[in-house]
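Me: I've got a structure open and want a quick walk through it. Can you take my questions as they come?

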Amino acid sequence: MFVVGSFVHWQTLALLATILALLQLLLLFFIPESPQWLAKFGCEKELEAALLCLRGDKADISYEAIEIKDYVESLKSFSSEGILDIFQKNYVRPLLTVAGVLVLMNLGRINALTYYSGAIFVSAGVSSMVGLITLAATQILKVRQRIQSLQAGKAKA
């Protein structure tokens, strides 16, 4: 959307984003329930039907169904701690540290550069469109480099 926003009016961009979001919302109703979700709520026949749909009608799903049911039962046997339990006195410092790091990352790193990139390139005497294309190419190369390093790491392991 960031790149498209350079070519179209903001109202058209907002309309396009709204249409895509509504399309995604409509398609959400066609996504089947996961076998884990069905096992969590005790829908055993639907669980087996979902596994057959995923694996094929002739697949032996009995072992996988038992494994999913056992996993869901093991999750239920854990303590029933909620999300609010992390806000205890002994967790205050780590939570504040993480929140602070996240705030500083958003204020000072790539988000600020991306937000102000047009003004930065114009003040440097370069067209904002050339700057946008340069920034996009840099990000693509960065992602490519990260993928290659991950693949190299997997090859070593």
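Me: Which residues does Val72 touch, not counting residues up to four places away in sequence?
Reply: Val72 touches Gln36, Ala39 and Lys40 on that count. Keep in mind that this is a predicted model.

Me: Which residues make up the largest nonpolar core?
Reply: That core has 9 residues. Val72 is one of them, and so is its contact Ala39.

Me: Zoom out. How many helices and strands are there in the protein?
Reply: The protein has 7 helices and 0 strands. Along the sequence the pattern reads α-α-α-α-α-α-α.

Me: What percentage of the residues count as buried?
Reply: 10% of the 157 residues. The accessible surface is about 13,300 Å². Carbon and sulfur atoms account for 67% of that surface.

Me: And contacts? What share comes from residues 24 or more positions apart?
Reply: They make up 27% of the contacts with a separation of 6 or more.

Me: New topic. Where does UniProt place the feature "transmembrane region"?
Reply: The unreviewed UniProt entry puts it at residues 12–31, 91–108 and 114–137.

Me: What does the model show for residues 12–31?
Reply: That span is 80% helix and 0% strand. Its end C-alpha atoms sit 29 Å apart.

Me: And how far apart are the end C-alpha atoms of residues 114–137?
Reply: Those are 13 Å apart. The chain there is 83% helix and 0% strand.

Me: How many aromatic pairs does a search of the whole structure find?
Reply: The search turns up 1. The partners are Trp37 and Phe41, with ring centres 4.7 Å apart.

Me: Why does that pair count as tilted?
Reply: The ring planes of Trp37 and Phe41 meet at 55°. Stacked needs under 30 degrees and edge-to-face needs over 60, so this pair is tilted.

Me: Last one, cysteines. How many disulfides does the structure hold?
Reply: It holds 0.

Me: Are Cys43 and Cys53 exposed or partly exposed?
Reply: Cys43 is partly exposed, with a relative accessible area of 23%. Cys53 is exposed, at 64%. The cut-off for exposed is over 50%, so Cys53 passes it.

Methods:
Residues numbered from 1 in each chain as written. Predicted model: local features only at pLDDT ≥ 70, side-chain atom pairs only at ≥ 80, totals over all residues. Heavy atoms only, no water. UniProt positions renumbered as here; feature names shortened; annotations may be inferred. Helix = DSSP H or I, 4+ residues; strand = E, 2+ residues; numbered from the N terminus. Phe/Tyr/Trp six-rings, centres within 6.5 Å; stacked < 30°, edge-to-face > 60°. Disulfide = S-S within 2.5 Å. Buried < 20%, exposed > 50% of the residue type's maximum accessible area, 1.4 Å probe, protein only. Contact = heavy atoms within 4.5 Å. Areas by Shrake-Rupley, 256 points an atom, 1.4 Å probe, with all protein chains shown as cover. Core = buried A, V, L, I, M, F, W, Y, C linked by side-chain atoms within 4.5 Å.
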